[in-house]
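Here are some notes to read alongside the structure. Please keep the sequence open and find each residue as it comes up.

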Amino acid sequence: METKVSYCRTCGAACGMLVDVEDDKIVRVRANADNTSSAGYTCVKGRNADAGHNNPGRILRHLRRRRDGGFDEISLETAVSEIADRLGSIMAETGPESVGVYWGTYAWLASATLPVAKAWWRAIGSHKSFSPITIDQASKTVSWARTGFYTGGFQRFEDADVWLEIGGNQLISLQSVGWANTNPFVTLKEHKKRGLKLIVIDPRRTELAKAADLFLQPRPGTDAVLLTAILNVIFEKGLDRPEFHRRYADNVDALRDYVRGTTPAIAAEYCGVPEEDIVAAAVLFGEGKVGAANGHTGTDMGPGGNPCEQLILSLNLVCGRFVREGEQVQSDALVGEPPPRHAQVIPPSRHWESSWRNRFGHGLMPSPFSGFGEIPCGLYADEILEPGEDRVRAMFSIGGNPVNAIPGLPRQIEAAKALDLLVNIDPYMTETSRLSDYVIAPTMMYERPDYAVIFGPFGIYTPALVPPPGDTVEEWKFFWLLGEAMGLDMELGVPDDAGLGAFGYIPPGRPVPLTGPLPTSDEMLAMVANDDALLEELKRHPNGFAAPRRKVTVLGPAPGMEDNRLDLFPPEFPEEMEALKAVLEDSRRRHYRLIVRRSKELYNNQGRNLPEITKGRTNPLYVHPDDLATHGLASGDKVTVVSDHGTIAVVTKGDETLRRGVVALTHGWGGLEEDDPFAPGVGANVNALMSTRGPVQRVLHMPMMTALPVDIEPLADAPAPRPVPSRRRSDGE
Ligand SMILES: Nc1nc2c(c(=O)[nH]1)N[C@H]1C(S)=C(S)[C@@H](COP(=O)(O)OP(=O)(O)OC[C@H]3O[C@@H](n4cnc5c(=O)[nH]c(N)nc54)[C@H](O)[C@@H]3O)O[C@H]1N2
Ligand SMILES: Nc1nc2c(c(=O)[nH]1)N[C@H]1C(S)=C(S)[C@@H](COP(=O)(O)OP(=O)(O)OC[C@H]3O[C@@H](n4cnc5c(=O)[nH]c(N)nc54)[C@H](O)[C@@H]3O)O[C@H]1N2
Ligand code: SF4
Ligand SMILES: [Mo]
């Protein structure tokens with residue numbers, strides 16, 4: 001047995017790992033305390049990676065569907081040549097626009113996948129590109145594209161005296177703006193010790209909320225009203241920073257006039273939080289010298305995703321939470337000369353107004369994937385099912401599970417079945433795999449070399465620890481071979497049009513043609529990184545390489561950028577606030593609000609198939625014990641959850657951390673129609689309760705995925721419920 005040093009790629013945290021290898025098999029995975037970034041931190045997902053690699057249900061040979069619904073194992077050569085032929089005839093009949101791609105979460109967890117798949121995609125020449133970004137937090141992108149982007153940089157957590165987190169639970173999700181990327185408990189504790197004040201807004205008293213100095217627990221979906229009142233107090237008390245916003249932004253007065261109507265008393269009544277807490281949050285945030293407010297899935301998945309992110313951006317701009325001209329900041333470069341940073345504004349792009357439009361007249365969202373934008377997932381099923389000359393007939397899913405992940409489950413199943421060709425690249429028989437024509441078996445993380453650069457800045461490289469089992473293939477090789485079989489001219493280096501480079505996205509790679517004999521994996525990584533000095537440095541530091549502390553001075557605007565302005569009051573904002581209030585008013589028809597919640601054990605749908613992780617459980621519906629009691633129910637009883645769009649059956653679990661009238665269910669679970677939701681590891685798919693045809697966010701077409709109005713009822717065939725005590729009205733309105 002041999003112990004090898006590597007890092008985990010189940011999520012973006014890139015935690016350092018020690019991996020025991022025996023007979024070319026991963027037998028045990030544990031923390032590497034010497035890793036310079038994670039310093040011994042790991043989570044249950046990463047520690048169970050051996051179970052994931054060795055799972056008996058793992059797909060080790062490429063599969064082709066038979067007419068009877070079963071699958072035959074086929075070689076890579078057969079898969080590539082048959083898929084190339086079928087794509088060729090579809091494109092000859094109805095053109096490249098009838099080919100679509102879905103870039104799942106795993107598409108960017110292996111560095112070489114994205115750049116090569118992008119080169120293939122660019123050569124196909126279709127616009128039908130989708131990714132879960134548009135069912136996640138793309139309201140941020142909408143607000144930047146409407147307001148403009150200040151490139152001096154956000155103030156950093158290390159320097160902050162106040163931090164406001166709204167609708168995120170970083171201690172579990174590890175997804176933050178630069179503080180919880182790994183080892184979040186220790187990081188937070190250290191910064192609180194030096195005086196950082198944390199404000200958390202969440203309808204559930206989460207792990208993060210318990211660590212907060214000030215915690216507000218509003219009714220789900222009402223954050224935009226709460227934020228309006230916070231901005232009002234900031235202006236009223238003169239806590240804004242005119243020296244910053246007057247210099248870079250227009251329409252500050254319009255924003256000030258708008259928020260004036262929403263007093264803390266009005267917001268307190270609307271959101272169900274104490275008036276004095278709203279004032280306290282505004283004062284604590286406004287008086288801080290350095291800090292930031294951040295929205296997450298809890299804000300962005302709600303009925304007010306766009307106005308929420310607009311207000312969060314406004315709050316940061318009004319309070320000047322950005323690095324100014326002449327200030328010194330930590331460089332973002334790991335090696336080499338740091339790129340210059342300018343205090344300047346990129347004007348509103350309103351990308352979707354000038355982009356290509358689909359047959360429903362919908363413009364594209366900026367995207368790191370395609371080089372020219374993507375169509376929102378809210379239109380994924382429509383693109384396949386609605387008639388039209390350029391209807392999508394062939395779909396590729398890379399490291400994702402669109403059937404499970406996109407709201408409107410029955411319609412997603414119908415869409416998958418309506419395709420002439422569905423190709424899925426996933427190590428497991430997910431819902432999408434089961435409905436695919438071809439399933440390509442990929443290598444998993446410890447079977448390939450890779451490198452990562454994350455916020456810090458910090459970088460790490462790992463060699464492959466074991467050879468690829470069975471016929472598994474690295475995704476980039478599959479796309480290289482497929483492009484070759486299709487006779488496409490592919491070139492690496494497709495740029496990212498989303499301007500998201502600053503957030504640690506994978507660089508496009510060296511602009512070279514992808515022809516000739518297949519390179520080795522390490523040669524491919526070198527082409528992708530396009531930075532030999534970086535890779536060399538990373539290879540010299542198996543425990544990870546943290547950049548030496550280097551400061552750069554923020555320069556003034558570059559020539560031609562001096563007069564660009566931010567728009568703090570885009571015309572859609574007041575209309576979207578009204579639309580939000582109408583949805584919230586309409587939601588009062590139902591007694592409960594269903595909210596999002598992520599679990600420590602799973603990463604979206606990943607891990608659900610591993611008994612080592614689920615221990616035979618399914619996803620419970622979390623309900624406040626007092627709410628359970630009003631139905632005569634207890635933890636463990638079965639209920640149905642009913643929304644305007646569907647009904648699911650679940651097991652309940654009492655949870656006192658929830659606000660009364662709020663229930664929570666984790667996504668990523670649930671099978672197809674024929675599966676038993678109570679069977680171990682199956683569970684219920686929350687997306688059966690949601691619909692892309694209900695209220696959606698403008699531009700983004702994102703449906704309501706949190707603050708969803710639902711009712712719960714005891715399940716008809718479950719044991720008779722206990723007698724109902726006095727029926728108290730829940731606080732869900
Ligand atoms: N362990 C684990 N980590 C993950 C993932 C995972 O599945 N498991 N998924 C990864 C992915 S893809 C993403 S996008 C990130 C997401 O990262 P986060 O956005 O941090 O996700 P959550 O941990 O679900 O936190 C969302 C919080 O929003 C709260 N909330 C719900 N509705 C509302 C509301 O109306 N208002 C407010 N203010 N709060 C609300 C919920 O109670 C919850 O605490 O996590 C990533 N990390
Ligand atoms: N109702 C509701 N729906 C949601 C959400 C929610 O909070 N509520 N969250 C949304 C969010 S934020 C997101 S990001 C999406 C996620 O949506 P998806 O990205 O579609 O779903 P994942 O479960 O992350 O899919 C990742 C897949 O990668 C596979 N995989 C693991 N390792 C490898 C590998 O080495 N190679 C390849 N090719 N595949 C691999 C896993 O088996 C898994 O099936 O879901 C969204 N859907
Ligand atoms: S937080 Fe967990 S899943 Fe993410 S990299 Fe670390 S060990 Fe892996
Ligand atoms: Mo996500």
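1. Begin with one residue in a loop. Ala14 sits in the loop that joins strand E1 (2-7) to strand E2 (16-22). The model is a predicted one, and in it Ala14 has a positive phi of about 55° although it is not a glycine.

2. Ala14 also belongs to the surroundings of a ligand. Ligand 3 has around it Cys8, Thr10, Cys11, Ala13, Ala14, Cys15, Met17, Thr42, Cys43, Lys45, Gly46 and Leu174. Sorted by class, this shell holds eight nonpolar residues, three polar ones and one charged one.

3. Is the peptide bond from Gly456 to Pro457 cis or trans? This bond is cis, and its omega is near -10°.

4. Next comes a pair of helices. Helix H9 (residues 223-236) packs against helix H15 (residues 305-318) at an angle of about 20°, and their axes are 9 Å apart. Angles under 35 degrees count as roughly parallel, and H9 and H15 are therefore roughly parallel to each other. Their crossing is left-handed.

5. Which residues make the contact between H9 and H15? From H9 come Asp223, Ala224, Leu227, Thr228, Ile230, Leu231, Ile234 and Phe235. They meet Pro307, Cys308, Leu311, Ile312, Ser314, Leu315 and Val318 of H15. By class, the contact of H9 with H15 is made of twelve nonpolar, two polar and one charged residues.

6. H15 has another partner, helix H24 (residues 572-587). The two pack at an angle of about 130°, with 8 Å between their axes. That angle makes H15 oblique to H24. H15 passes H24 in a left-handed crossing. On the H15 side the contact uses Asn306, Pro307, Gln310 and Leu311, and on the H24 side Phe573, Glu576 and Met577. These residues divide into four nonpolar, two polar and one charged. Pro307 and Leu311 of H15 are in this contact and also in the one with H9.

7. H9 and H24 complete this group of helix pairs. Their axes come within 10 Å and cross at roughly 130°, and H9 and H24 are therefore oblique to each other. Here Ala224, Val225 and Thr228 of H9 meet Met577, Leu580 and Lys581 of H24. By class there are four nonpolar residues, one polar and one charged. Met577 of H24 takes part here as well as in the contact with H15.

8. Ligand 1 has 31 residues around it, of which Ser173, Asp202, Asp223, Thr297 and Leu602 come nearest. Asp223 is also one of the H9 residues that meet H15. Where does a nitrogen atom of ligand 1 find a polar backbone atom at 2.6 Å? That backbone atom belongs to Leu602. An oxygen atom of ligand 1 lies 2.7 Å from an N or O atom in the side chain of Thr297. For Gly167, a polar backbone atom is 3.2 Å from an oxygen atom of ligand 1.

9. How many residues surround ligand 2? There are 32, and the closest are Tyr102, Thr105, Asp426, Glu475 and Asn605.

Technical notes
Residues numbered from 1 in each chain as written. Chains lettered and ligands numbered in written order. Predicted model: local features only at pLDDT ≥ 70, side-chain atom pairs only at ≥ 80, totals over all residues. Heavy atoms only, no water. Axes fitted to C-alpha atoms, helices over the stretch in contact; angles between N-to-C directions. Helix = DSSP H or I, 4+ residues; strand = E, 2+ residues; numbered from the N terminus. Parallel < 35°, antiparallel > 145°, perpendicular 65-115°, else oblique. Left-handed = near helix turned anticlockwise from the far one by under 90°. Contact = heavy atoms within 4.5 Å. Nonpolar A, V, L, I, M, F, W, Y, C, P; charged D, E, K, R; others polar. Near = heavy atom within 4 Å. Polar contact = N/O pair within 3.5 Å; in protein donor to acceptor, adjacent residues only side chain to side chain.
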